[in-house]
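The following points concern the model shown below.

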Amino acid sequence: MTIKSMTTKSTAATARTDSGALALLCLVAWAVPGAGHLWLGRRQKGVVFLAALLVMFVLGLWLEGRIFPLALSEPLVALAAIANFGVGVPWLLARMLDLGGGTVTAVTYEYGNCFLIVAGLLNFLVMLDAYDIATGRK
Amino acid sequence: MTSHLLLMVVFALLVSTVFAVLLRDEPRDQLWTGARMFAAFVGVGLLLGWLMYPLPL
């Protein structure tokens with residue numbers, strides 16, 4: 001085996017490890033808002049994201065917003081479901097505990113939906129920011 | 001908590017906090033950006049509210 005081929009193999013292995021670590025980072029950043037930043041040592045940012053996004057999600061549930069099902073026959077509902085999914089483990093817990101049923105007649109229903117949807121979308125942005133930091137783009 | 005204004009202010013506060021921390025690295029810059037963004041959210045919200053006031057619903 002030549003040095004060149006060893007180097008190539010070593011680089012490929014490093015790239016695989018890096019992409020594996022990046023995928024894990026993205027998974028963690030999605031699952032727990034702010035966890036990606038905490039992992040990368042950006043403690044202040046991570047704590048702010050964790051607090052703000054959890055407060056938004058809990059407020060959305062408290063305001064009787066709905067966690068939408070992934071109904072592909074209704075495109076807007078499906079988009080809202082994808083946005084809800086963005087917040088990670090809190091979404092999973094809410095689904096498991098049967099929260100987020102939504103009360104259409106409640107005066108705060110639309111506000112609740114807005115808080116829930118935006119919390120998920122912001123967490124997608126936070127996850128992308130963690131990815132950018134990890135790859136050295138920021 | 002059914003005050004539309006209060007809910008709008010809370011929403012603006014949380015969103016502007018997240019955006020300010022995402023966009024800026026220094027705490028001083030974050031505070032300044034967040035404050036401006038929060039003021040813009042609330043100001044535009046109030047303005048749009050008053051513009052829509054005469055519209056029948």
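This is a predicted model: local features need pLDDT of at least 70, side-chain atom pairs count only at pLDDT 80 or more; totals for chains, interfaces and linings use all residues.

1. V126(A) is buried, because 28 other C-beta atoms lie within 10 Å; a residue counts as buried when 20 or more other C-beta atoms, placed from the backbone, are within 10 Å of its own, as exposed at 12 or fewer, and as partly exposed in between. V126(A) belongs to helix 6 of chain A, helices being DSSP runs of H or I with at least four residues, strands runs of E with at least two, each numbered from the N terminus. Once neighbours within four places in sequence are set aside, V126(A) contacts A29(A), P33(A), G34(A), F49(A) and L22(B), where contact requires C-beta atoms, placed from the backbone, within 7 Å.

2. Residues are numbered from 1 along each chain as its sequence is written, and chains are lettered from A, with ligands numbered from 1, in the order in which they are written.

3. Chain A contains 6 helices and 0 strands, giving the pattern α-α-α-α-α-α along the sequence. Of its 138 residues, 39% are buried. Among contacts in chain A with a separation of 6 or more, 71% join residues 24 or more positions apart.

4. The contact between the chains draws 17 residues from chain A and 9 residues from chain B. On the side of chain A, helix 3 (43–62) and helix 6 (109–134) are the elements that give two or more residues, and helix 6 gives the most, with 8 residues. That side comprises 14 nonpolar, 1 polar and 2 charged residues; Ala, Val, Leu, Ile, Met, Phe, Trp, Tyr, Cys and Pro count as nonpolar, Asp, Glu, Lys and Arg as charged, and the others, Gly among them, as polar.

5. How do helix 6 of chain A and helix 1 of chain B pack, and at what angle? Their axes are 11 Å apart, at an angle of about 5°; axes are lines fitted to C-alpha atoms over the stretch in contact, and angles run from 0 to 180 degrees between N-to-C directions. The two helices are therefore roughly parallel, a term for angles under 35 degrees. Residues meeting here include F115(A), V118(A) and V126(A) from helix 6 of chain A, and V15(B), V18(B) and L22(B) from helix 1 of chain B. The contact divides into 12 nonpolar, no polar and 1 charged residues.

6. The largest nonpolar core has 38 residues, of which L53(A), M56(A), F115(A), A119(A) and V18(B) touch the most other members; such a core is a set of buried Ala, Val, Leu, Ile, Met, Phe, Trp, Tyr and Cys residues joined through C-beta atoms within 7 Å. Helix 6 of chain A gives the most to this core, with 10 residues. Beyond its neighbours within four places in sequence, M56(A) contacts F115(A), V118(A), A119(A) and L14(B).

7. Within chain B, the axes of helix 1 (residues 4–23) and helix 2 (residues 27–52) come within 8 Å and cross at roughly 145°. The residues of this contact divide into 13 nonpolar, 6 polar and no charged.

Methods:
Two residues are in contact if their C-beta atoms, placed from the backbone, lie within 7 Å. Angles under 35 degrees count as roughly parallel, over 145 as roughly antiparallel, 65 to 115 as roughly perpendicular and the rest as oblique.
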